[in-house]
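I opened my notebook to go through this structure piece by piece. Here is what I looked up, in the order I looked it up.

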Amino acid sequence: MSGVNIQGLSIKFGHNEVIKNLDLQVIEGEFLVLLGPSGCGKSTLLHSIAGLIDVSAGRIHIGGQDMTDAEPAARGIGMVFQSYALYPTMTVEKNMSFGLRVAGTPKAEIARRVAKAAEMLQLNALLDRKPAQLSGGQRQRVAIGRALVREAGVFLFDEPLSNLDAKLRAELRRELKLLHQTLGSTMVYVTHDQVEAMTLASRIVVMKSGVIQQIGTPAEVYERPVNLFVAGFLGAPAINLVPATVGADGQSLDGPLPLRLAAGRVAPGQRLVLGVRPEHVRLQADGRWRATVQLVEPMGNHQVVWMTLGEQGFSALVHDGRRIAAGEELAFDVDEPLLSVFDAASEQRLPVS
Amino acid sequence: MARKRKPAALWARLGIYTFLLCAAAFFLLPLYVMLTTSFKSMDEIRLGQIFALPAAPTLDAWRAAWSEACTGVSCEGIRGGFWNSVAIAVPSIVLPILLGALNGYALSWWKPKGGEWLFGILMVGAFIPIQVMIYPLVKLEAALGIYSSLPGIVLVHLVFAMPIMTLLFRNYYAGLPAELFKAARVDGGGFWRIFIQLVLPMSTPMLIVAAIMQITGVWNDYILGLTFAGRENQPMTVQLNNVINTTTGERLYNLNMAATILTSAVPLLVYLISGRWFVRGIAAGAVK
């Protein structure tokens with residue numbers, strides 16, 4: 001088990017700077033998820049930790065040792081890829097033991113480690129099969145097994161579940177979390193799927209255009225996003241973003257949601273964006289505001305109500321089975337303490353409450 | 001709808017088959033004439049009925065072509081040429097394929113600095129007619145002391161095969177998932193280990209396609225064999241030419257036909273046996 005320490009990392013492809021002067025500490029034993037839209041540099045960052053991409057500047061320490069220029073195999077890492085990347089001509093057993101055979105590990109030790117990993121991942125019955133004879137879920141299990149037998153200090157996952165169908169993805173997600181609980185190893189996991197990030201992570205790193213936007217526990221990132229990008233990226237249905245202008249008294253707000261903020265935090269005339277999570281919108285008869293229902297999506301255990309608030313789209317979660325019709329005008333209220341307030345110009349979170 | 005379409009489809013099908021049959025007849029007729037003539041005696045050939053089946057089929061011409069036909073002064077048939085061709089073909093098939101695979105692997109997976117540039121030059125080389133290079137190559141090989149020898153002709157075949165072999169394997173390997181290579185790097189595989197244990201075993205379809213191309217190319221070669229192999233190593237094609245052009249007395253059509261068929265037997269067999277693989281090789285490139 002070992003941590004990863006990245007300092008001042010820059011990666012350029014030609015003139016295109018994909019990672020910009022990035023610092024990141026991966027704490028020993030944590031499950032760190034790198035989250036962001038495609039092209040944000042999260043995979044590049046992971047590959048640079050693995051040593052598969054040359055860095056332009058900065059240092060990478062793994063387990064306390066400077067590994068910036070070390071060969072991938074020397075870094076004490078195991079890696080799982082999106083496309084599984086199993087060796088097609090080798091059996092499951094050979095796939096898992098390839099790295100150990102390269103390293104010249106004694107046969108008995110190889111057998112022990114492969115058996116252990118196969119046991120953990122329920123691969124015992126498949127050891128003699130070729131990858132082509134396996135299902136997608138089994139293939140990804142083998143790929144995880146191949147990383148496990150290295151008994152590395154850090155495991156790197158590059159969108160490992162993206163190629164699986166929804167049901168398998170949920171299943172393997174739980175298995176991965178269990179695996180982390182059992183092994184307690186350091187894991188760095190890249191995904192663009194916020195559900196994976198929320199469910200798996202000890203900490204989430206949200207990235208955009210090669211720059212880290214926010215690092216925090218899933219709850220912190222979800223509840224207190226530092227800027228509009230993070231607020232909008234996490235959560236489904238997405239957070240409601242409502243424009244507002246601060247009134248002359250520096251407290252009352254002008255806009256579709258005319259609230260009052262605590263005194264002294266915002267300047268009169270300042271333009272804001274209010275972030276309201278759909279689950280913090282309460283549809284109740286004594287609500288202070290009204291919105292018109294446009295569409296209702298029943299989800300079984302809850303309903304998503306899509307409304308219009310003035311010109312603005314606005315969604316709410318309803319956790320009971322009440323009947324709501326399109327076109328209906330509903331009263332609602334919001335949980336003010338759970339609101340996020342952003343400055344419209346800088347898009348940064350404002351500490352108002 | 002189905003009824004309306006039926007006659008039109010039938011006519012179209014009929015047209016296609018008629019055309020295919022004509023094409024097949026056009027290409028097979030010479031082969032038919034060669035085969036029947038080779039089994040006839042000279043007396044029968046003189047009757048001038050080239051499309052007739054042999055009245056009294058005989059293997060005499062085949063025997064003579066293989067072991068008695070005269071090339072210039074010696075009269076030992078073309079069997080010597082056959083073994084010369086084998087001796088030239090085996091290294092000229094194995095070496096270019098292995099080197100081409102290695103080149104393709106290095107270019108597409110390791111992406112060395114200047115690799116694309118080198119590959120470009122190699123491709124330009126492929127478009128220069130070989131006749132242009134023969135004289136400089138003769139001088140070069142003479143300087144190296146391998147002109148007119150087995151290594152000399154093998155080297156020439158190797159050099160001329162490099163562009164197409166490299167292109168073939170480079171494109172095949174470029175189509176393999178890059179993550180495979182990365183996984184092997186993480187597992188600690190080096191340049192040679194990844195090539196031998198991972199890449200070569202995955203290359204079977206391309207190896208077969210490349211082998212077919214090289215066998216037919218090298219076996220059918222005439223000009224390079226004539227120029228670089230030397231008297232001792234003349235390939236079958238060169239000997240065939242000598243047999244046919246040696247005119248002392250009457251022209252032995254049956255012997256010439258038999259000798260020609262014997263010479264072309266190897267590439268012909270390769271196609272017949274490997275046709276299935278040939279298609280599989282091409283298809284394997286298309287679907288994962």
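The entries below go from the whole model to single residues and back to the chains.

**Entry 1. Confidence.** For chain B I noted a mean pLDDT of 87, with 93% of its residues at 70 or more. In residues 284-288 of chain B, pLDDT stays under 50. The model has 3 contacts beyond four places in sequence for that stretch. Where pLDDT is low, predicted coordinates should not be read in detail.

**Entry 2. Domains of chain A.** I looked up how chain A is divided. The domain assignment gives domain 1 (4-229) and domain 2 (239-343). Their C-alpha centres are separated by 39 Å. I found 4 residues of domain 1 of chain A in contact with 4 residues of domain 2 of chain A. By class, the domain 1 side of that contact has 2 nonpolar, 1 polar and 1 charged residues.

**Entry 3. Domains of chain B.** Chain B is divided into domain 1 (2-58) and domain 2 (79-286). The C-alpha centres of these two domains of chain B lie 33 Å apart. Their contact takes 6 residues from domain 1 of chain B and 7 residues from domain 2 of chain B. On the domain 1 side, α1 (2-38) and α2 (42-45) of chain B each give two or more residues. Of the elements there, α1(B) gives the most, with 3 residues. That side has 3 nonpolar, 2 polar and 1 charged residues.

**Entry 4. Where the chains meet.** How many residues of chain A are in contact with chain B? I found 16 residues of chain A in contact with 14 residues of chain B. On the chain A side, β6 (77-80) and α2 (92-102) each supply at least two residues. The most come from α2(A), which gives 3 residues. By class, the chain A side has 13 nonpolar, 3 polar and no charged residues.

**Entry 5. A helix of chain B.** I moved to α8 (residues 178-186) of chain B. Its buried residues are B:Leu180, B:Phe181, B:Lys182, B:Ala183, B:Ala184 and B:Val186. I asked what covers the buried residues of α8(B). The cover includes α1 and β6 of chain A, together with α4 (79-110) and α9 (191-202) of chain B. Just after α8(B), B:Gly188 takes a positive phi of about 95°.

**Entry 6. One glycine.** I picked A:Gly41, in the loop between β3 (31-35) and α1 (42-50) of chain A. Is A:Gly41 buried or exposed? A:Gly41 is buried, because 22 other C-beta atoms lie within 10 Å, and 20 or more is the cut-off. Leaving aside neighbours within four places in sequence, A:Gly41 is in contact with A:Val18, A:Ile19, A:Met207 and A:Gly210. I also checked A:Ser209, 168 residues away along the chain from A:Gly41. The C-alpha atoms of A:Gly41 and A:Ser209 are separated by 6.4 Å.

**Entry 7. The hairpin.** Strands β9(A) and β10(A) form a hairpin with 2 residues between them. In the turn, A:Ser209 has a positive phi of about 50°. The two strands, β9 (residues 203-208) and β10 (residues 211-216) of chain A, pair in the antiparallel sense over 5 bridges. I looked up one bridge: A:Val206 is partnered by A:Gln214 in β10(A).

**Entry 8. An open sheet.** In chain A, 4 strands form an open sheet in the order β12-β11-β13-β19, with antiparallel pairing. A:Thr245 stands opposite A:Asp254 in β12(A).

**Entry 9. Cores.** Last, I looked for nonpolar cores. The largest has 135 residues. Those with the most contacts inside it are A:Val33, A:Leu34, A:Leu156, A:Val188 and A:Tyr189. Helix α7 (residues 150-174) of chain B gives this core the most, with 11 residues. Apart from it lies another core, of 13 residues, including B:Ala65 and B:Val243.

Methods: Residues are numbered from 1 along each chain as its sequence is written. Chains are lettered from A and ligands numbered from 1 in the order in which they are written. This is a predicted model: local features need pLDDT of at least 70, side-chain atom pairs count only at pLDDT 80 or more; totals for chains, interfaces and linings use all residues. Two residues are in contact if their C-beta atoms, placed from the backbone, lie within 7 Å. Ala, Val, Leu, Ile, Met, Phe, Trp, Tyr, Cys and Pro count as nonpolar, Asp, Glu, Lys and Arg as charged, and the others, Gly among them, as polar. A residue is buried if 20 or more other C-beta atoms lie within 10 Å of its own, exposed if 12 or fewer, and partly exposed in between; C-beta atoms are placed from the backbone. Two strands pair if DSSP finds at least two bridges between them. pLDDT is the predictor's confidence in each residue, from 0 to 100. Domain bounds come from an automatic or database domain assignment. A nonpolar core is a set of buried Ala, Val, Leu, Ile, Met, Phe, Trp, Tyr and Cys residues joined through C-beta atoms within 7 Å.
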